[in-house]
Amino acid sequence: MASRSRSSIVFAGVGIGLVVVATVVGVLIAAGVLAEPNPLDSWWSAIATSMRSPVTVAIALGFNVLGRGLVASLVVPVVLVVVMLVARRPASALVLVLALLGTWGVTRVLKSVVARDRPGDMLVDSDFGSFPSGHASNAAALATVFVIAFRSLSVRVVAVLYVVAMIWSRTVLGAHWATDVVAGVLVGVGVALIAAALAAPLRRRERAGGRSRA
């Protein structure tokens, strides 16, 4: 029991730390301490835009649709919650909802506070505030919950690849700088870990129930 409590504390601590790191980077950008764009952003932007072709842009546009509007805020979450419930993981479904709501809130606050301009060569229309990437934070939150909930290697590989593809698509489309998508991942993973820590007693009962059914 003590080890389980410690794991929850670790989840919460790491989660808070990741969100704090993203926030500090955002504050440094907003305060002008970090150059706009910084060398990392310029370097990766040049690489990402060099990848543009009809095929890569079409793929990136598909991820753009998947990570925005009603698709991202309603359709995908509902489908994934149903998947969790069918898999008999109601606690994980709750973690998913908490993680997505928390990630959305933190992302919106940081966007408003940092108020960073987006790159000038965007291929899509987007809302105000480049830092952090909402697409990346949402994808990272989803992936983290699935990595925690399922021990299957294939599920975990798909989850990680989904996040990588999403952050790649945002920079190929010119919708975000590299630091935007990295910060988005930090926020999404961080908030998901915090949500998992908050629901730790429910997750423990869920795992115990799974073992008894097995």
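Start with the lining of the largest cavity: by class it has four nonpolar, five polar and two charged residues. The classes count Ala, Val, Leu, Ile, Met, Phe, Trp, Tyr, Cys and Pro as nonpolar, Asp, Glu, Lys and Arg as charged, and the others, Gly among them, as polar. This is a predicted model, in which local features need pLDDT of at least 70 and side-chain atom pairs count only at pLDDT 80 or more, while totals for chains, interfaces and linings use all residues. Residues are numbered from 1 along each chain as its sequence is written, and side-chain values use heavy atoms, with hydrogens and water left out.

**Stop 1: the cavity**

Select Asp 41, Trp 44, Ser 45, Thr 49, Pro 119, Asp 121, Thr 171, Gly 174, His 176, Trp 177 and Ala 178, which line the largest cavity. On a 1 Å grid over the protein atoms alone, a cavity is a set of points where a 1.4 Å probe fits but cannot get out, and lining residues have an atom within 4 Å of a point. Grid points are joined across faces, edges and corners, and a volume is the space filled by probe spheres set on the points. The largest cavity holds about 60 Å³ of space, and the structure has one cavity of 30 Å³ or more. Helix H2 (residues 39-50) gives the most to this lining, with four residues. Helices here are DSSP runs (H or I, at least four residues), numbered from the N terminus.

**Stop 2: the tryptophan pair**

Rings of Phe, Tyr and Trp (its six-membered ring) pair if their centres lie within 6.5 Å; planes under 30 degrees apart count as stacked, over 60 as edge-to-face and the rest as tilted. Trp 43 is exposed at 53% relative accessible area, and Trp 44 is partly exposed at 24%. Buried means under 20% relative accessible area, exposed over 50%, and partly exposed in between (1.4 Å probe, protein chains only).

The whole structure has three aromatic pairs. Another to select is Phe 146 with Phe 150: the ring centres are 5.4 Å apart and the planes are at 25°, so this pair is stacked. Both Phe 146 and Phe 150 are buried.

**Stop 3: the largest pocket**

Next, select Gly 67, Ala 72, Ser 73, Trp 104 and Asn 138, which lie nearest the centre of the largest pocket among its 27 lining residues. A pocket is an open set of grid points with protein on both sides within 12 Å along at least five of seven lines. About 580 Å³ of space lies in this pocket. H4, H5 and H6 each supply at least two lining residues, and H5 gives the most, with eight. The lining divides into seven nonpolar, 13 polar and seven charged residues.

Keep Asn 138 selected; it lies in helix H6. Asn 138 counts as buried, at 16% relative accessibility. Leaving aside neighbours within four places in sequence, Asn 138 is in contact (heavy atoms within 4.5 Å) with Ala 72, Leu 100 and Thr 103.

**Stop 4: the nonpolar cores**

Select Met 84, Leu 96, Leu 142 and Val 145, the residues with the most contacts inside the largest nonpolar core, which has 27 residues. Helices H4 (69-86), H5 (90-114), H6 (134-149), H7 (153-172) and H8 (178-198) each give two or more residues to this core. H6 provides the largest share, seven residues. A nonpolar core is a set of buried Ala, Val, Leu, Ile, Met, Phe, Trp, Tyr and Cys residues joined through side-chain atoms within 4.5 Å.

Centre on Leu 142: beyond its neighbours within four places in sequence, Leu 142 is in contact with Val 76, Leu 80, Leu 96, Leu 100 and Tyr 162. A second, separate core of nine residues includes Val 19, Ala 22, Phe 131 and Val 191.

**Stop 5: backbone details in the loops**

Most residues other than glycine have a negative phi, and most peptide bonds are trans. From Phe 131, move to Pro 132: the peptide bond between them is cis, with omega near -10°. Pro 132 sits in the loop between H5 and H6. A cis peptide bond also joins Glu 36 and Pro 37, with omega about -15°. Pro 37 is in the loop between helix H1 (2-30) and H2.

Arg 88, not a glycine, has a positive phi of about 60°; its place is in the loop between H4 and H5, and Arg 88 is exposed at 52% relative accessibility. Ala 115, not a glycine, has a positive phi of about 50°. Ala 115 lies in the loop between H5 and H6 and is partly exposed, at 33% relative accessible area.
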